[in-house]
Amino acid sequence: TMSWISRRDLLKTTGVSSVAFTAAGCLGNGSGNGNGNGNGGETFTYGVLMPTSGPIASAGEEAVAAAEIAVDQIANDGGVGGQDVEMVLRDTEADPETAVSRARALVDTEDVDVLVGVISSAVALAVSEYAGGADIPFLATVAQTPSLNEEECRRQTFRTTTNIRQQQTVAAEYISREMEDLETVASISPDYVYGRQSWDFFQEQLSQRMDFDVVYEGWPAFLSGEFQNDIRAALDEEPDLVHSVLYSGDMIAFFQQANEFDFFDQVEFFAGDTPMHVSQPLGDSFAEAYAVSYYYYDQPNNDPNQAFVEQYRQREGAVPTVFAGSTHVAVDAVRHAVDASGGTDADSIIDGLEGLTFESVMGETTRRPEDHQAIFEFYRGGRMAQLDDEEFYGLTGIETFSSDEIVVDPMCQV
């Protein structure tokens, strides 16, 4: 099995920004030696791209922890296609140009077999374009922009999570049921593709279900951490609901600043994908809010998820988040794809991923062959509230929605 070394501790003690964890139980330097790449080598290598510095580093670190757990599980189960398995990590810094540069280094220098990762939608679009040119499989783990596989479908790019269209359809349906008297809505979301598209899709979906007026739109700069002006301006308009898809360090800062204005006593709040990455560190400083979920730690109650949650809690002292769940699915999907196709070269991995269905930590999931969108059995809406048996807020009043209710037909074809 692998030897676990905290990434935070590693950076503190060595200054190393990328490492490889090998199935042999040793910590490598990411030199890429002995890599398979479908050419008969003895090691299959995942190239992992995540933000491990800056304001959304906590999200990246949660995803990295999940990737390491998944790689360890695969190593203990015989590896990928019978090969030993390792992962090499690079920090995207949540910047598209940096991410592409790091992706190129993983492919050209580390000779990785697949690229896995990214949080930001802007980064995902840039890495997808690079992966198409380099002809290497790229599994986008967290980024939600539909543009990734609606505007241009690339054979090399697969999504292992929902997209904004699915997320905001669930949000609009759940909120319309819970807030039948809703009349006014405001928005405070990050000023980049994820924030803009989320708000557009939410308005589109909610307008199909009820009439409402938009009374305020706030667009704080992505990763700015400064929200007081938007909080004041939104409260001045007295909306029934404030919609937001801030996340990670930005959402933590938002809650801290909003509490100074008694914000959550005055409005209902939609907090995006179930923000366990925010509610756990904030504890009692969190507040009740509506949320949607494509991964929630105690659902589904299947063997893969139970094992994952147990290992994650033991290792991190917390429950896994959406960032962790979708990253675990991506790493595991590659193993199943190789089993299905019988090869570890790029073409075999891609062929194995297309149409692949397997039981994951997120339940049964399929990579739709037409556009490589991940399809799940169920999508969830609920309300974040204090849990009886935990010291943090979690999802309550959960309603499930089937894929037939949420998923649209492919908009482009590989």
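Helices and strands are DSSP runs, numbered from the N terminus. Under this scheme, Asp111 lies in the loop between helix H3 (96–108) and strand S5 (114–117). The model is a predicted one.

Two aspartates stand out by their backbone angles. Most residues other than glycine have a negative phi, and most peptide bonds are trans. Asp111 has a positive phi, near 60°. Its relative accessibility is 35%, so Asp111 counts as partly exposed. Asp135 also has a positive phi, near 55°. Asp135 sits in the loop between helix H4 (121–134) and strand S6 (138–140). With a relative accessible area of 34%, Asp135 is partly exposed. Glu238, which follows helix H8, has a positive phi as well, near 50°. A cis peptide bond is found between Gln299 and Pro300, with omega at about 0°. Pro300 belongs to the loop between strand S12 (289–293) and helix H12 (303–316).

The interior comes next. In soluble globular proteins, nonpolar side chains tend to be buried together. Here the largest nonpolar core has 115 residues. Tyr46, Phe254, Phe255, Phe263 and Phe269 have the most contacts inside this core. Helix H2 (residues 57–76) supplies the largest share, 11 residues. A second, separate core has 21 residues, among them Val123, Ala131, Phe138 and Leu148.

Phe254 of the largest core is buried, with a relative accessible area of 0%. Leaving aside residues up to four places away in sequence, Phe254 touches Ile188, Phe227, Ile231, Leu246, Phe263, Phe264 and Phe269. Phe263 is buried too, and its relative accessible area is 0%.

Aromatic rings form 25 pairs in the structure. One of them, Tyr192 with Phe222, is stacked. The centres of these two rings are 4.1 Å apart, with 25° between the planes. This pair links distant parts of the chain, 30 residues apart. Tyr192 lies in the loop between S8 and helix H7 (193–207), and Phe222 lies in the loop between S9 and H8. Tyr192 counts as buried, at 12% relative accessibility. The rings of Phe254 and Phe263 are arranged in another way: their centres are 5.5 Å apart and their planes stand at 85°, so the pair is edge-to-face. Ring pairs also link a cluster made up of Phe227, Phe254, Phe255, Phe263, Phe264, Phe269, Phe286 and Tyr393.

Charged groups lie over two further rings. Arg196 is placed over the face of Trp219, 3.9 Å from the ring centre. Over the ring of Tyr290 sits the charged end of Arg383, at 4.7 Å from the ring's centre.

Helix H8 (residues 228–236) has a buried side and an exposed side. Asp230, Ile231, Ala234 and Leu235 are its buried residues. Viewed down the axis of H8, they fall within an arc of 130°, so they line one face of the helix. Asn229 and Asp236, on the other side of H8, are exposed. The cover over the buried residues includes two strands, S8 (184–188) and S9 (213–218). It also includes helices H9 (248–259) and H10 (263–266).

Gln167, in helix H6 (residues 164–178), is buried, with a relative accessible area of 3%. Beyond residues up to four places away in sequence, Gln167 touches Gln144, Tyr194, Ser198, Val245, Asp273 and Val292.

The structure holds 1 disulfide. A disulfide is a covalent bond between the sulfur atoms of two cysteines. Cys153 and Cys412 are the partners, with an S to S distance of 1.8 Å. Their link is right-handed, with 80° about the S-S bond. Cys153 lies in the loop between helix H5 (147–150) and strand S7 (157–159), and Cys412 in the segment after helix H15 (403–406), so the pair ties together parts that are 259 residues apart in sequence. Cys153 is buried, with a relative accessible area of 14%. Cys412 counts as buried at 15% relative accessibility.

Ala340 lies in helix H13 (residues 322–341). At 55% relative accessibility, Ala340 counts as exposed. Ala340 and Leu395 are 55 residues apart in sequence, and their C-alpha atoms are 35 Å apart in space.

Notes: Residues are numbered from 1 along each chain as its sequence is written. This is a predicted model: local features need pLDDT of at least 70, side-chain atom pairs count only at pLDDT 80 or more; totals for chains, interfaces and linings use all residues. Side-chain values use heavy atoms; hydrogens and water are left out. A nonpolar core is a set of buried Ala, Val, Leu, Ile, Met, Phe, Trp, Tyr and Cys residues joined through side-chain atoms within 4.5 Å. Buried means under 20% relative accessible area, exposed over 50%, partly exposed in between (1.4 Å probe, protein chains only). Helices (H or I, at least four residues) and strands (E, at least two) are DSSP runs, numbered from the N terminus. Contact means heavy atoms within 4.5 Å. The arc is that of the directions from the helix axis to the C-beta atoms. Rings of Phe, Tyr and Trp (its six-membered ring) pair if their centres lie within 6.5 Å; planes under 30 degrees apart count as stacked, over 60 as edge-to-face and the rest as tilted. A charge sits over a ring if NZ of Lys or CZ of Arg is within 6 Å of the ring centre and within 35 degrees of the ring normal. A disulfide is a pair of cysteine sulfur atoms within 2.5 Å.
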